[in-house]
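Please read the following briefing alongside the sequence and the coordinates.

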Amino acid sequence: MVKGRQGERIRLYVRGIILGYKRSKSNQYPNTSLIQIEGVNTPEEVNWYLGKRMAYIYKAKTKKKGTNYRCIWGKVTRPHGNSGVVRAKFRTNLPPKSMGGRVRVFMYPSRI
């Protein structure tokens, strides 16, 4: 907590879950990941998130730049199906270890 802050913490992102890579029956395409954003259930609700930045934060064994936490940045590219799932591209492909893990979907850049 920051010194002098009163009350509850404010989260400036929406949580999402990594479902896996985009795939067909026999192939998978690791350059595109499928993300289920919390509280988004229709393709119409997805429209607001298009172009928004997201971050996959994970803990590594060795310290770099004074911290064990690392981050892979990505971006929501388009809807996937009719249940509010989105396709996202990350700077480097997400590792298989990340499946079922959390991402943070930030509220920027704004398109309003």
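Once neighbours within four places in sequence are set aside, Thr32 is in contact with Tyr21, Lys22, Arg87, Ala88 and Lys89. Thr32 belongs to strand E2, and it counts as buried because its relative accessibility is 7%, where the cut-off for that class is under 20%. The model is a predicted one, and the values below should be read with that in mind.

**Salt bridges**

- A search of the whole structure returns two salt bridges, and one of them joins the side chains of Glu38 and Arg15 with an N to O distance of 3.4 Å.
- Because Glu38 lies in the loop between strand E2 (28-37) and H1, while Arg15 lies in strand E1 (residues 13-23), this pair ties together parts that are 23 residues apart in sequence.
- The side chains of Arg102 and Glu38 also meet in a salt bridge, here at 3.8 Å from N to O.
- Since Arg102 is placed in strand E6 (residues 102-106) and Glu38 in the loop between E2 and H1, the pair ties together parts that are 64 residues apart in sequence.
- Through shared partners, the salt bridges join Arg15, Glu38 and Arg102 into one network.

**Aromatic groups and charges over rings**

- Five aromatic pairs are found when the whole structure is searched, and one aromatic cluster is formed by Tyr13, Trp73, Phe106 and Tyr108.
- Tyr13, a member of that cluster, has Arg11 lying over its face, at 5.7 Å from the ring centre.
- Trp48 likewise carries a charged residue over its face, namely Lys52, which is placed at 4.3 Å from the ring centre.

**Nonpolar surface patch**

- Which residues form a nonpolar patch on the surface? Trp48, Met107 and Ile112 do so, and together they present about 360 Å² of accessible area.

**Chain as a whole**

- The chain contains one helix and six strands, and these follow the pattern β-β-α-β-β-β-β when read along the sequence.
- Along its principal axes, the C-alpha trace spans about 50 × 35 × 20 Å.
- Of the 112 residues in the chain, 32% are buried, and the chain exposes about 7,800 Å², of which carbon and sulfur atoms supply 52%.
- When contacts between residues at least 6 apart in sequence are considered, 58% of them join residues at least 24 apart.

**A separated pair**

- Gly7, in the segment before E1, counts as exposed because its relative accessibility is 57%, where the cut-off for that class is over 50%.
- How far apart in space are Gly7 and Thr77, C-alpha to C-alpha? The two residues are separated by 36 Å in space, and by 70 residues in sequence.

Technical notes: Residues are numbered from 1 along each chain as its sequence is written. This is a predicted model: local features need pLDDT of at least 70, side-chain atom pairs count only at pLDDT 80 or more; totals for chains, interfaces and linings use all residues. Side-chain values use heavy atoms; hydrogens and water are left out. Patches are made of residues with over 30% relative accessible area and no salt bridge: like charges are joined within 9 Å, nonpolar side chains (Val, Leu, Ile, Met, Phe, Trp, Tyr) within 5 Å. Accessible areas come from the Shrake-Rupley method with a 1.4 Å probe; for residues, only the protein chains shown count as cover. A salt bridge is a side-chain nitrogen of Lys or Arg within 4 Å of a carboxyl oxygen of Asp or Glu. Rings of Phe, Tyr and Trp (its six-membered ring) pair if their centres lie within 6.5 Å; planes under 30 degrees apart count as stacked, over 60 as edge-to-face and the rest as tilted. A charge sits over a ring if NZ of Lys or CZ of Arg is within 6 Å of the ring centre and within 35 degrees of the ring normal. Helices (H or I, at least four residues) and strands (E, at least two) are DSSP runs, numbered from the N terminus. Buried means under 20% relative accessible area, exposed over 50%, partly exposed in between (1.4 Å probe, protein chains only). Contact means heavy atoms within 4.5 Å.
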